[in-house]
Structure formats: C-alpha cells, structure tokens
Amino acid sequence: MNSLWLSTANSKNFETLYTSLNADVCIIGAGIFGLSCAYYLSKAGLKVIVLEKDSIGEKTTGHTTGKITSAHGLFYNYLVNNFNETFAHDYLFANEEAISNIKNIIDTENIKCDFEYKSNFIYTTNKSEVNQIKAEVETVNYLGFPANFATKTGLPFEIAGAIQYKNQAQFNVISYLNGLCKAILNNSGKIFTHSTVIDVKNTGSSYITSTLEGNVESKFVVLASHFPFLNFPGMYFTKMYQSTSYVIAIEANQKIPYGMFISAKEPIYSFRTAKYQGKDILLICGSDHKTGEAIATNEKYKELEDLAKKYYPDCNILFRWNTRDCISLDKIPYIGEFSSFMKGVYVGTGFKKWGMAFSNVSANIIVDDILGKENEYKEIFNSKRMKPVKNRWEVKNMVVNTANNLVFDKFRIEPYNIEQIANDNGAIIEKNGDIIGVYKDTIGKVYAVKPICTHLGCLLTWNNTDKTWDCPCHGSRFDYMGKNIYEPAIKGLKTIKI
C-alpha cells in the first residue's frame with residue numbers, strides 16, 4: 001500500500017555502497033531529516049555521504065501527510081504550563097522558521113513539489129471544548145503569533161470553534177526529496193541506497209560506519225534513521241514509543257475544504273488537499289494506535305472510509321497507507337548529540353507526527369553544531385536532557401507494555417495449529433515447546449519465523465493488513481519472510497523450517 005507521494009513522484013534509487021570511503025560527515029538515513037542535513041552540509045562545502053537501507057524516503061517520510069506547520073494540536077498551553085513561556089515561544093518560532101527555510105530551499109533549487117501556503121485549523125465539534133480553543137488562541141497570540149478564533153472552516157460538518165494558524169504549508173514530500181538529492185549531488189555529496197548500516201564504532205579520532213558491504217570513515221555521524229538503531233549509550237528505547245496512523249486519499253464530486261485541519265481531541269482526524277492527475281483530492285488521516293498492538297488493523301482503514309462516505313457518499317478511495325511516528329515521553333523531540341559518550345554523533349528523533357517542520361529544525365541545529373555555530377533553539381530540544389518526565393502515566397504504560405511482551409510471556413500465544421490458520425493469514429503457535437510465527441500465503445504456502453524482535457527480545461504481533469510482524473515494545477517491523485523493514489531493529493528474524 002504505497003502512499004500518494006511514492007506512487008506519483010518516483011522515489012530515486014542510487015548505487016549500493018560496496019567499498020570503503022572517507023567523508024567529513026556520514027548521514028544514516030535518506031528521509032527528509034537526513035537529506036536536509038546533507039543539503040545544508042554539502043552546501044557549506046563539507047564532504048557528505050548519505051547511507052539509506054531502502055530507497056529515498058521510502059519509509060516514514062514517504063508515508064507522511066506532508067503538512068509543514070507549527071500548529072501541533074492544542075500544545076502551547078501544555079508547553080507554558082509544563083515548561084515556561086520562553087520555551088513555548090522558541091518551540092513555536094523554531095517551527096515557523098522551518099516553514100520559511102523549506103520555502104527558501106524550494107525557491108533556491110527550483111524544486112517542483114506542489115508547495116502551497118494554507119491555513120491550518122485545530123477544531124472541535126464539542127461546545128464544552130471551545131474554552132480550551134480560546135485559551136490556546138490567547139496563549140499563541142501572547143507568544144507572538146497572530147492566531148485567530150474561527151467558527152467557519154469549510155469542513156463538511158459544523159464545528160463549535162477552531163484556532164486558525166495562517167501561512168502554514170503543504171507539499172509533495174517525495175518530489176521535495178528528489179530536489180534535495182539533485183542539489184546534494186550538485187554540491188559533490190554522495191548518496192547510496194540499499195546500503196544497510198549495521199554498526200557505528202569510534203576509532204578515537206573518527207567513526208567507522210559499517211554496512212553489509214562497505215564502510216564510511218568520518219569525523220561526524222548523523223543518525224537520521226527515524227528510531228535510533230544504536231541502543232547504547234543513548235538508550236532512546238527507554239524514552240520513546242512509536243504510534244501508527246492511517247491515511248486514505250479520496251476523490252469526491254462535492255466541494256472539498258481548502259486548508260489543513262486536525263481535531264483538537266480524541267478521536268484525532270486530520271484533513272488536507274493534495275494534487276493528483278491535475279485536480280485536488282482529499283487526504284483523511286487518523287485512527288492512531290501504539291505500533292504493534294494486537295488489533296484488527298484493517299478496521300482502521302474502514303473507520304476512515306466510513307468517515308469519508310458520511311460526508312462524501314459517492315467518493316472514490318484512491319490510496320490507502322499507514323505510517324509510524326516516534327513519540328517522546330515529554331512530547332519534545334530529541335535533537336543534538338546522541339550521547340555525551342559519543343562526541344560527534346548526532347540524532348534527531350521523536351518528532352511526534354510533525355516531522356516535516358522538525359526535519360528542518362533538527363537539520364539546522366545539528367548543522368550549526370558541526371560548523372561550530374550557536375543555534376538559538378539548541379537547548380529546548382536537547383537530546384541529552386535528564387529532566388524528570390512529567391508524563392509519568394506514559395512511562396508506566398510503556399514499562400508495563402514492554403514487560404508484558406517479553407519472550408517469557410507465553411500466555412499471549414494464540415491457540416492455533418498450522419492447519420487452523422487460514423490462507424493469507426498469520427498467527428503465533430507453539431510447537432514442541434517453541435513459539436513459531438506462521439504466515440500462510442494466498443495459496444497456502446507456509447512462511448515460519450521466530451517471532452522475537454531482534455532489537456530487545458519482545459514477542460511480536462501479527463499485522464494481517466500489512467502482512468508484517470510488528471513489535472509492541474519499540475515499533476520494529478518485519479515482513480512475513482522475516483526481513484527487517486523498520487527500526488530500531490536492524491537484523492531480520494530467524495526463519496524456521498516446519
């Protein structure tokens with residue numbers, strides 16, 4: 001289920017790394033964050049090499065909704081109350097600058113990517129939530145951004161109220177990445193795809209980044225792999241979880257709303273228009289859940305499709321896709337040095353579903369640090385922060401969830417034998433004291449794996465919509481043959497003959 005962007009913009013492939021090379025900076029990951037870093041660094045004259053295990057933007061970036069905005073839900077009162085006004089101001093204007101920075105790159109490099117300025121509305125249909133909307137408007141205005149309270153948005157249903165952020169933006173993210181790649185190559189940067197990084201080691205004066213076939217020696221390394229695959233010493237697996245969201249793209253005969261929209265409270269649904277074959281279509285996103293939860297994921301698409309049919313009865317469903325986002329426990333991204341014990345290694349993660357803007361925020365903070373410049377937003381996103389986590393209930397939930405999914409928890413094994421598994425379905429069975437993950441394809445051929453995540457050993461769950469084995473602890477994913485497709489795991493599953 002490819003996204004609209006990956007289906008229409010032709011993500012680029014490059015050569016695989018088969019040799020040993022040297023660079024000033026090695027960037028691991030060719031999503032929007034990694035390529036933004038590579039763009040700025042190569043433009044500054046540094047020798048840059050990008051390593052990507054798949055194709056350009058093929059995973060999280062290519063499955064985003066492509067909104068570039070500082071309107072991250074009803075968030076600024078949260079920031080003021082849990083941090084302070086200065087923190088909230090800097091968070092807001094770091095994202096606002098990112099919108100301008102991305103537009104400048106598009107103009108400078110002449111990138112055709114359907115970039116459009118749009119208003120972004122955070123709305124509620126519940127009258128009891130209007131005061132929260134108005135309080136958010138007041139806070140955002142106080143912080144220096146001219147937000148408005150609105151009761152009309154153009155959505156196909158009545159709202160009780162909304163906060164409007166003007167001059168936000170949207171684009172085709174894969175077209176944008178293709179433009180970045182062209183600029184990076186013009187700046188003498190190098191990009192390698194299908195080059196899976198398996199380790200980063202410190203030699204004392206540099207780092208060796210190893211792939212399955214070659215390696216890169218560099219002074220600096222940027223971990224732009226969505227969820228850091230290095231467990232230690234950063235231990236980001238204790239500070240983040242992953243959330244899955246679903247998207248459908250519809251074609252409708254009725255008028256569709258002009259703008260970007262997201263609901264203020266659960267259930268969260270977001271909307272935006274996009275260009276497809278010369279006309280506007282509508283993207284509807286939502287139905288979030290923690291990645292790896294044992295749920296009927298096919299029902300998530302149905303939920304969005306039922307919503308679409310409610311307001312656009314004759315609509316045509318053009319695309320369906322889903323994506324994963326890293327969520328930090330205090331809701332603030334981790335940007336900067338990976339660890340005090342690995343000087344010169346950087347990370348940007350925990351973008352909490354707002355990676356388009358945060359990719360640029362992160363790239364500027366990290367590039368400035370590499371170039372020896374001071375960045376005014378560096379401290380608020382400090383990746384090495386050790387402040388107490390205020391969302392203690394999320395910490396508890398994550399710890400309990402992880403414990404419940406360790407390999408010794410066999411009570412969750414489904415009472416199947418192979419004969420009971422229907423074609424095009426998967427399940428976990430127990431055979432001769434061993435647990436086995438089994439998938440039967442449409443003609444009954446059996447694929448069996450050890451359903452234990454190669455990251456930290458959690459018991460996997462079967463995702464029958466995507467035909468994948470998903471980790472409920474940290475969000476790693478594997479295809480039905482055991483190939484790793486999402487971090488933080490990088491090794492595939494052990495295959496079993498049965």
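Of the 90 residues in the largest nonpolar core, those touching the most other members are Ile27, Leu35, Phe171, Tyr176, Val222 and Phe381. A nonpolar core here is a set of buried Ala, Val, Leu, Ile, Met, Phe, Trp, Tyr and Cys residues joined through side-chain atoms within 4.5 Å. Buried means under 20% relative accessible area, exposed means over 50%, and partly exposed is in between (1.4 Å probe, protein chains only). Helix 4 gives this core its largest share, 10 residues. Apart from this core lies another, of 26 residues, among them Leu21, Phe192, Val216 and Phe237. As general background, nonpolar side chains in soluble globular proteins tend to be buried together.

A word on the model before we go further. The structure is predicted, so local features need pLDDT of at least 70 and side-chain atom pairs count only at pLDDT 80 or more, while totals for chains, interfaces and linings use all residues. Residues are numbered from 1 along each chain as its sequence is written, and side-chain values use heavy atoms, with hydrogens and water left out.

Let's look at Phe171. Its relative accessible area is 0%, so Phe171 is buried. Leaving aside neighbours within four places in sequence, Phe171 is in contact (heavy atoms within 4.5 Å) with residues including Trp5, Ile32, Ile102, Phe115, Tyr176, Arg272 and Met356. Tyr176 is also at 0% relative accessibility and therefore counts as buried.

Next come the aromatic rings. Rings of Phe, Tyr and Trp (its six-membered ring) pair if their centres lie within 6.5 Å; planes under 30 degrees apart count as stacked, over 60 as edge-to-face and the rest as tilted. The count by this rule is 30 aromatic pairs. In one of them, the ring centres of Phe171 and Tyr176 are 5.1 Å apart and the planes meet at 45 degrees, so this pair is tilted. Tyr439 and Trp462, by contrast, are stacked, with 5.2 Å from centre to centre and 25 degrees between the planes. This pair links distant parts of the chain, as Tyr439 belongs to strand 19 and Trp462 to strand 21, 23 residues apart. Strands (E, at least two residues) and helices (H or I, at least four) are DSSP runs, numbered from the N terminus. Tyr439 is buried, at 4% relative accessible area, and Trp462 is buried at 13%. Ring pairs also link a cluster that includes Phe33, Phe75, Tyr91, Phe351 and Phe381.

Buried residues in helix 5 include Val130, Ile133, Val137, Val140 and Leu143. Among the elements covering the buried residues of helix 5 are helix 3, helix 4 and strand 6. After helix 5 comes Gly144, with a positive phi near 110 degrees.

Glu85, in helix 4, is partly exposed, with a relative accessible area of 39%. Apart from neighbours within four places in sequence, Glu85 is in contact with Val80, Tyr142 and Leu143.

Our last stop is Ser339, in the loop between strand 16 and strand 17. At 6% relative accessibility, Ser339 counts as buried. Not counting residues up to four places away in sequence, Ser339 touches Pro233, Gly234 and Lys384.
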